[in-house]
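Notebook open. I want to look up the aromatic contacts and one of the pockets.

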Amino acid sequence: MGRVATTSALEKRNIIVPKKNCVFCDYISETVEHLFSGCIFATGIWAAVTSWCRIPNIFVFSVRDIVDLHKSVGLDGITKIAFQGIMFTALWSIWRARNNHIFSEKKQSVLDLVTEIKTVSFLWFRSRYRYGCIDWKDWCNFEMM
Ligand SMILES: [Zn+2]
């Protein structure tokens, strides 16, 4: 929706940004679409997440594609809700990794971030899951019931 403060968005608001390229690949200017869908770093995240959730490899071209993906991957019920939460957690984690890289000089690998996504989304899902108990092993195998 044009509200994420990427370097391209900040430049449009006449804010001087010292480094304009994507922090993950340093290949092109950082836009929302590049950061979350076009960057090789994001592509690695989506490949790992969809593999974990046993979804055929996806191609996302925009943030909207990512936000709506749970509607079109053949999941239903609690599994669909869990997958949606995982995708939102992944978006948030990519943004956090980007900010950690810029402001704390902390670089994370795709593997580090996927581990973080699994952990954070598990804590979220477990705290909201009302149909019994879900354990870490089931979560890591993407088995909700
Ligand atoms: Zn990039």
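The model I am working on is predicted.

**Entry: pocket.** I looked up the second largest pocket. Its space is about 190 Å³. Which residues line the second largest pocket? I list Ala5, Thr7, Leu10, Val17, Pro18, Lys19, Val23, Arg98, His101, Ile102 and Phe103. H1 and helix H5 (77-103) are the elements that give two or more residues to this lining. H5 supplies the largest share, four residues. By class I note seven nonpolar, two polar and two charged residues.

**Entry: aromatic pairs.** I searched the whole structure and got eight aromatic pairs. Phe24 and Phe41 are stacked, at 4.0 Å centre to centre with 10 degrees between the planes. Phe24 sits in the loop between helix H1 (7-12) and helix H2 (32-38), and Phe41 in helix H3 (residues 40-52), so this pair ties together parts 17 residues apart in sequence. Phe41 is buried, at a relative accessible area of 9%.

**Entry: tryptophans.** Why do I log Trp52 and Trp139 as edge-to-face? Their ring centres are 5.8 Å apart and their planes stand at 70 degrees; the cut-off is over 60. Trp52 belongs to helix H3 and Trp139 to helix H7 (residues 136-140), so the pair ties together parts 87 residues apart in sequence. Both Trp52 and Trp139 are buried.

**Entry: cluster.** I followed the ring pairs onward. They link Trp52, Phe122, Trp124, Phe125, Trp136, Trp139 and Phe142 into a cluster.

Conventions. Residues are numbered from 1 along each chain as its sequence is written. This is a predicted model: local features need pLDDT of at least 70, side-chain atom pairs count only at pLDDT 80 or more; totals for chains, interfaces and linings use all residues. Side-chain values use heavy atoms; hydrogens and water are left out. Rings of Phe, Tyr and Trp (its six-membered ring) pair if their centres lie within 6.5 Å; planes under 30 degrees apart count as stacked, over 60 as edge-to-face and the rest as tilted. Buried means under 20% relative accessible area, exposed over 50%, partly exposed in between (1.4 Å probe, protein chains only). On a 1 Å grid over the protein atoms alone, a cavity is a set of points where a 1.4 Å probe fits but cannot get out, and a pocket is an open set with protein on both sides within 12 Å along at least five of seven lines; lining residues have an atom within 4 Å of a point. Grid points are joined across faces, edges and corners, and a volume is the space filled by probe spheres set on the points. Ala, Val, Leu, Ile, Met, Phe, Trp, Tyr, Cys and Pro count as nonpolar, Asp, Glu, Lys and Arg as charged, and the others, Gly among them, as polar.
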